[in-house]
Amino acid sequence: MPDKITVEVDRSAVPRHVAIIMDGNGRWANARGLHRTQGHARGEPVLFDVVEGALELGIEWLTVFTFSTENWDRDEHEVAFLMQFNADLLERRRDELNDLGVRVLFMGDIEDDRVPEVLRERIQAAEELTASNTTMTMVFAFNYGGRAEIADAVRRIARSVLAGELAPGEIDADTVQAYLYIPEMPEPDLVIRTSGEQRTSNFLLWEAAYSEYVFTPVLWPDFNRDELARCIAEYQERDRRYGGAIDGSLRGPSL
Ligand code: IPE
Ligand code: IPE
Ligand code: MG
């Protein structure tokens with residue numbers, strides 16, 4: 001893996017928040033006659049190469065999808081592996097992330113009974129250790145589902161209404177935002193999905209309303225900081241309009 005980004009990218013126009021659906025570990029392993037779990041293991045050094053690349057570019061927020069609310073449906077051995085793997089990864093990498101000035105946050109249903117206690121403890125330890133870091137915030141979307149996040153927000157909004165703290169007529173998009181898992185998280189500018197799949201799979205449904213998507217055929221274990229830079233260069237070609245008109249001007253013959 002390269003030590004520094006070698007791909008040309010405009011360093012003055014880097015997205016503030018990049019979110020990644022790290023997909024293709026199983027296919028990478030299958031293609032080599034390996035077990036799917038070996039694909040997940042191979043994804044760890046890739047993730048940390050991407051973290052270094054993100055730091056090199058000055059990205060402020062990096063969110064990675066590590067386990068979805070639907071991933072519980074996988075074979076029990078794979079699920080057990082992923083739980084232990086995530087716990088061990090936090091133990092192995094916590095100090096490194098801290099030394100790099102990275103603040104670690106989790107988003108998702110960590111209180112779910114199916115999440116092992118050791119993982120819950122390590123999540124808490126990593127968040128506490130890195131809480132005052134300011135170089136970059138890295139969000140692990142774990143046991144995360146966009147629908148569950150919105151349903152959770154709706155449930156808590158309903159409680160506030162019942163408690164008389166909120167009037168139904170006052171509820172707008174900003175209210176919903178304030179009840180999400182990390183209300184202060186800026187919207188992702190760019191969502192990258194590896195492995196050639198072109199779907200959201202329930203990732204950041206609310207937050208990514210106006211994100212640009214870049215889909216790359218590269219499987220996650222083959223990804224690296226240069227691939228990240230390539231995705232960002234593609235993003236930099238896009239024209240984000242947020243529902244406005246091209247160039248913000250009226251086109252065509254005047255009426
Ligand atoms: C992504 O890789 C990792 C997780 C979902 C945890 P996959 O395991 O989905 O790999 P493919 O899509 O089967 O190749
Ligand atoms: C999305 O990938 C979840 C993560 C990368 C953690 P999946 O592999 O679970 O998504 P589908 O099943 O292809 O939609
Ligand atoms: Mg997949």
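The protein in this predicted model contains seven helices and six strands, where helices (H or I, at least four residues) and strands (E, at least two) are DSSP runs numbered from the N terminus. Along the sequence, these elements follow the pattern β-α-α-β-α-β-α-β-α-α-β-β-α. The C-alpha trace spans about 65 × 50 × 35 Å along its principal axes.

Ligand 2 is surrounded by Ile21, Met22, Asp23, Phe65, Thr66, Phe67, Asn71, Arg74, Arg193, Arg199 and Ser201; a residue is near a molecule if one of its heavy atoms lies within 4 Å of it. Strand β2 (residues 61-68) gives the most to this shell, with three residues.

| Residue | Distance from a polar side-chain atom to an oxygen atom of ligand 2 |
|---|---|
| Asp23 | 3.2 Å |
| Asn71 | 2.9 Å |
| Arg74 | 3.3 Å |

The protein covers 77% of the 390 Å² of accessible area that ligand 2 has on its own, as found by the Shrake-Rupley method with a 1.4 Å probe.

Residues are numbered from 1 along each chain as its sequence is written, while chains are lettered from A and ligands numbered from 1 in the order in which they are written. In this predicted model, local features need pLDDT of at least 70, side-chain atom pairs count only at pLDDT 80 or more, and totals for chains, interfaces and linings use all residues, while side-chain values use heavy atoms, with hydrogens and water left out.

Terms used. A polar contact is a pair of N or O atoms within 3.5 Å; within protein, one must be able to donate a hydrogen and the other to accept it, and residues adjacent in sequence count only if both atoms are side-chain atoms.
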